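Subject: Handover of a structure and its findings

Dear colleague,

Please find the structure below, with the sequence.

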Amino acid sequence: MNIDPSMTHRLLRAAALGFVVFNPETSRFARTAMLDVLDGESPLSLKHYAQTAGSEVSWMPGMRMTDTVRAGRDHTQDVLGCSPFEFFAEDDSAARVFSLAMTEISTPVIAEAVLAIEPDGARTVVDVGGADGAFVAHLLKMHNQLSGVVLDLPQAMSGVESESRRRSLQDRITGVAGDFFREIPSADIYLLKFILHDWDDESCRQILTNVHTSMGPRARLFVVDMTTDDGSVEAAMMDMGMMAAFTGQERNTDHLRSLLASAGLRTVRTSRLHQPYIVIEAMPLDVEP
Ligand SMILES: C[S@@+](CC[C@H](N)C(=O)[O-])C[C@H]1O[C@@H](n2cnc3c(N)ncnc32)[C@H](O)[C@@H]1O
């Protein structure tokens, strides 16, 4: 990579933030253990999350935070000319980084969430807005009888294919390019992870109604999201991202349950993962659990 040594030195000196330390005797910077979080090879990596959070799709709307607080709406359309997902549709590389970022922040949550899902005779799973399909892939690895679909926008499809192959699940996972505001493929299990927080209540109701319409009587939906129940800083900070760039918000458990109910879905179980994450299992209201 072509970089200017003097500028690099000044940047690292100012932005070390504990990731690197400067040794004045050798005039060299050395990495600390904290740098693992930005190292793509590390299992702890949040490299792509840092890249997407530091990119124009996050920062440009963030620059209008004062206006957002005053007006009670995000200013993404004003600064990007489109929504974040429309932005990704026009920029393959930004879309790829975003999907990888979703997998990075999801990995510890998925490891716990899959334990809250008992297939109970289910054969098919659809990961609604599943990005690379990391959630459904983990579930399929645990349950050989399951096959899966990842429904996402066209820009996510290359990631579904490459990640399914990398996980040796290319014969059991199919990517379906579609729009969850229009139609959701039928399955026995529906996964909806980190989706509702992107959207305002009315849009959530539409997505959940489309899930309900596609569900057979014994099908179940698993919603995984953060909640604001415990007043965690993590949920409050993520909420700032939702406020600046999206129409959504982090919600408390009662709010999520009431959205489900408004789409004809009854909560049958709520499992708490590490703070602030939960899994809500839901079924059509007119079916006995
Ligand atoms: C916050 S990410 C969550 C991704 C994944 N479920 C996870 O937890 O890592 C939201 C996902 O919804 C997808 N998405 C947004 N609008 C969509 C739409 N109208 N139809 C289908 N997928 C959509 C995005 O492309 C993105 O992959």
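The notes below cover the domains, the ligand, a pocket and some local backbone features.

This is a predicted model, in which local features need pLDDT of at least 70 and side-chain atom pairs count only at pLDDT 80 or more, while totals for chains, interfaces and linings use all residues. Residues are numbered from 1 along each chain as its sequence is written, and side-chain values use heavy atoms, with hydrogens and water left out.

Domains

The protein is divided into domain 1 (5–31) and domain 2 (106–284); these bounds come from an automatic or database domain assignment. Taken over C-alpha atoms, the centres of domain 1 and domain 2 are 42 Å apart.

Ligand

The ligand is surrounded by 18 residues, the closest being G129, D152, D179, F180 and K193; a residue counts here if one of its heavy atoms lies within 4 Å of the ligand. This shell divides into ten nonpolar, four polar and four charged residues (nonpolar: Ala, Val, Leu, Ile, Met, Phe, Trp, Tyr, Cys and Pro; charged: Asp, Glu, Lys and Arg; polar: the others, Gly among them). Helix α7 gives the most to the shell, with three residues; helices (H or I, at least four residues) and strands (E, at least two) are DSSP runs numbered from the N terminus.

- A polar side-chain atom of D179 is 2.8 Å from a nitrogen atom of the ligand.
- A backbone N or O atom of F180 is 2.9 Å from a nitrogen atom of the ligand.
- A polar side-chain atom of S106 is 3.0 Å from an oxygen atom of the ligand.

The ligand taken alone exposes 600 Å², of which the protein buries 94% (accessible areas by the Shrake-Rupley method with a 1.4 Å probe; for residues, only the protein chains shown count as cover).

Second largest pocket

A pocket is an open set of points on a 1 Å grid over the protein atoms alone, where a 1.4 Å probe fits, with protein on both sides within 12 Å along at least five of seven lines; lining residues have an atom within 4 Å of a point. The second largest pocket has a volume of about 570 Å³, the space filled by probe spheres set on the points, which are joined across faces, edges and corners. Of its 22 lining residues, T103, E104, T107, R166 and R167 are the closest to its centre. Helix α7 (92–113) gives the most to this lining.

Local backbone features

The peptide bond from Q275 to P276 is cis, with omega near 10°, and P276 lies in the loop between β8 and β9. S27, although not a glycine, has a positive phi of about 55°.

Yours sincerely

Key: A polar contact is a pair of N or O atoms within 3.5 Å; within protein, one must be able to donate a hydrogen and the other to accept it, and residues adjacent in sequence count only if both atoms are side-chain atoms.
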